Amino acid sequence: MSSEKPAFASSSHAPSVSSPGCLDIFRAIFNNSSNDNTADEKTTSEFPRDSASDDDASTPLIPTYEGLEAQMRDLLVDQDNNSELLELCKGNEFAKTVFHAIEKVSKELREISLKIHEEPELAFKEYKAHALLTDYLEKKGFKVERKAFGLDTAFVARAGKSDKVTIGFCSEYDALPGIGHGCGHNLIAIAGVAAAIGVKAAIKKFGLHAQVKLFGTPAEETTGGKIVMLERGAFKNVDVCMMLHGANADLSYPAFLALDTAEVEFFGKASHASATPWEGVNALDAAIMTYTSIGLMRQQLHPTQRVHGIIKDGGKAANIIPDYTLSQYTVRALKYSELMVLKKRVEAIFNAAARSTGCTVSIKWGVPYKDILTNSVLTQKFEHYMKAQGAKYLPKEEQLRKVGGSTDMGNLTYALPGIHPVFNILNLESKDVNVALHTRAFAEAAMQPIAHTATLRAAKCLAMTGVECILDRKLLQKVKKEFEENKEK
Ligand SMILES: [Zn+2]
Ligand SMILES: [Zn+2]
């Protein structure tokens with residue numbers, strides 16, 4: 001039987017047949033990197049151990065406010081024609097307010113980050129992180145909705161009285177089986193909190209007509225909590241939504257692949273493999289034909305497309321013609337529209353294998369992760385603040401050539417304007433380091449003081465990107481215009 005309609009494609013909370021893994025991209029990228037900075041590669045033992053000094057957040061590696069002032073002034077003068085606001089920006093009051101508010105909670109955020117790191121929790125089981133974050137946000141004056149949108153470990157924290165402009169941020173806090181926070185989601189958790197606290201402070205101090213919402217989004221590593229929350233209306237009327245992800249490089253245009261997973265079952269007829277093999281219908285033949293055909297198809301795939309799979313159940317005994325097999329495949333492409341075409345090609349192979357062996361087939365697709373539609377207007381703002389603090393970026397085209405992993409944030413960027421910049425947690429000078437995500441080494445790196453400093457630096461820049469959207473309606477219009485144009489492509 002060929003299932004035309006994915007069995008749980010529209011299901012909001014269906015189990016995935018495999019873990020997409022948000023950023024395994026960077027393992028591939030930097031293991032093969034010809035970057036000259038490999039001399040800076042560190043083994044985990046070389047990381048300075050946390051001396052519990054929260055003064056790290058104000059290490060001299062971060063430029064002073066004064067150093068940023070001129071650049072920020074230029075930026076805001078270009079963007080705004082409101083003379084009253086211009087006057088305020090000259091004194092860099094917005095950035096000062098945001099930066100101070102985030103610095104002030106550095107120690108508290110460091111504690112939260114380490115607690116989440118020490119007790120890694122898997123997808124949809126992030127109970128302790130959920131409690132820790134929501135209790136903290138409530139203490140900081142946010143209106144908190146726990147267990148939001150029917151998910152036990154999701155939340156929404158809101159601040160600001162006006163809904164004229166709503167700036168959204170996402171926090172993730174799920175871990176990986178076996179290696180804990182090898183994706184550094186303890187840092188993503190506090191990055192979202194820090195950005196929300198920064199924007200809240202600006203809204204309050206300057207009486208801005210806006211609100212900030214922090215979304216606690218579980219299960220990024222498996223079935224994508226954001227996708228469930230999106231389907232259930234969490235991001236309705238949110239103007240922009242942004243998040244950060246720690247990595248081993250600074251990328252403002254990270255290319256995440258669109259992804260879907262397939263669970264493929266072939267049903268045949270069992271028979272004695274020696275006495276009456278002609279009476280059998282061999283489900284393993286169908287699984288092997290599928291695997292081989294996909295291998296042959298690979299030559300005709302674009303270099304950025306991926307199809308990879310395994311045979312989970314290939315039969316029970318060598319002397320029985322298998323009447324059942326189960327295979328799992330992951331299909332990835334640069335764009336969601338491209339993924340749809342690739343899925344059809346792969347499905348044709350599943351069906352052809354069934355037909356030629358006399359089996360029937362059941363194909364169950366998972367919940368697709370879309371690629372990231374990076375909003376360049378927001379990105380330019382974020383980049384500006386990061387560069388002002390020492391980060392460096394390759395040209396957009398070069399960044400986009402570094403393709404690999406996938407994230408549920410992609411689906412959000414198809415629903416509303418957003419960005420998902422990646423920041424280097426190993427140094428503040430944008431030196432690529434060969435410490436791959438989804439490894440124990442990265443988990444170790446994610447608890448170091450330098451990672452905390454890098455996280456807060458990026459969070460400040462993300463917060464200021466949000467504040468600029470509140471201050472400058474023309475900018476926000478530009479952001480939305482680009483979003484509308486991009487999602488049609
Ligand atoms: Zn990951
Ligand atoms: Zn991740």
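User: Which residues does Val193 touch, leaving aside those up to four places away in sequence?

Analyst: In this predicted model, Val193 touches Leu109, Leu133, Leu137, Ser171 and Leu214, once residues up to four places away in sequence are left out. Val193 is also listed, together with Val98, Ile102, Ala194, Ala459 and Leu462, among the residues that touch the most other members of the largest nonpolar core, which has 141 residues. Helix H7, residues 185-206, gives the most to this core, with 14 residues, and the core draws at least three residues from each of domain 1 (37-256 + 372-488) and domain 2 (258-365).

User: What makes Leu437 count as buried or exposed?

Analyst: A residue is called buried if 20 or more other C-beta atoms lie within 10 Å of its own. Leu437 has 30 C-beta neighbours inside 10 Å, and therefore Leu437 counts as buried. Leu437 is found in the loop between strand S12 (422-424) and helix H14 (440-445), and its C-alpha atom is separated by 6.7 Å from that of Ala247, although these two are 190 residues apart along the chain. For the protein chain of 489 residues, 54% count as buried.

User: How do you know whether Ala219 and Asn237 are buried or exposed?

Analyst: The test is again the count of C-beta atoms within 10 Å, with 20 or more meaning buried and 12 or fewer meaning exposed. Ala219 has 26 other C-beta atoms within that distance, so Ala219 is buried. Asn237 has 11 such neighbours, so Asn237 counts as exposed.

User: What is the phi of Ala219, and what is the phi of Asn237?

Analyst: Ala219 has a positive phi of about 55° although it is not a glycine, and this residue is found in the loop between strand S4 (211-216) and helix H8 (225-231). Asn237, which is not a glycine either, has a positive phi of about 65°, and Asn237 is found in the loop between H8 and strand S5 (240-242).

User: What makes strands S8 and S10 the edge strands of their sheet?

Analyst: The sheet is an open one of 4 strands in the order S8-S9-S7-S10, with antiparallel pairing. Strand S8 (306-313) and strand S10 (360-365) are its edge strands, as each pairs on one side only. Neighbouring strands of this sheet are turned by 20° against each other on average, direction ignored.

User: How do you know that S8 and S9 pair?

Analyst: Two strands are taken to pair if at least two bridges are found between them. S8 and strand S9 (residues 324-333) share 7 bridges in the antiparallel sense, so they pair. Within S9, Gln328 is the bridge partner of Ile310.

Notes
Residues are numbered from 1 along each chain as its sequence is written. Chains are lettered from A and ligands numbered from 1 in the order in which they are written. This is a predicted model: local features need pLDDT of at least 70, side-chain atom pairs count only at pLDDT 80 or more; totals for chains, interfaces and linings use all residues. Helices (H or I, at least four residues) and strands (E, at least two) are DSSP runs, numbered from the N terminus. Axes are lines fitted to C-alpha atoms, for helices over the stretch in contact, and angles run from 0 to 180 degrees between N-to-C directions. A nonpolar core is a set of buried Ala, Val, Leu, Ile, Met, Phe, Trp, Tyr and Cys residues joined through C-beta atoms within 7 Å. Domain bounds come from an automatic or database domain assignment. Two residues are in contact if their C-beta atoms, placed from the backbone, lie within 7 Å.
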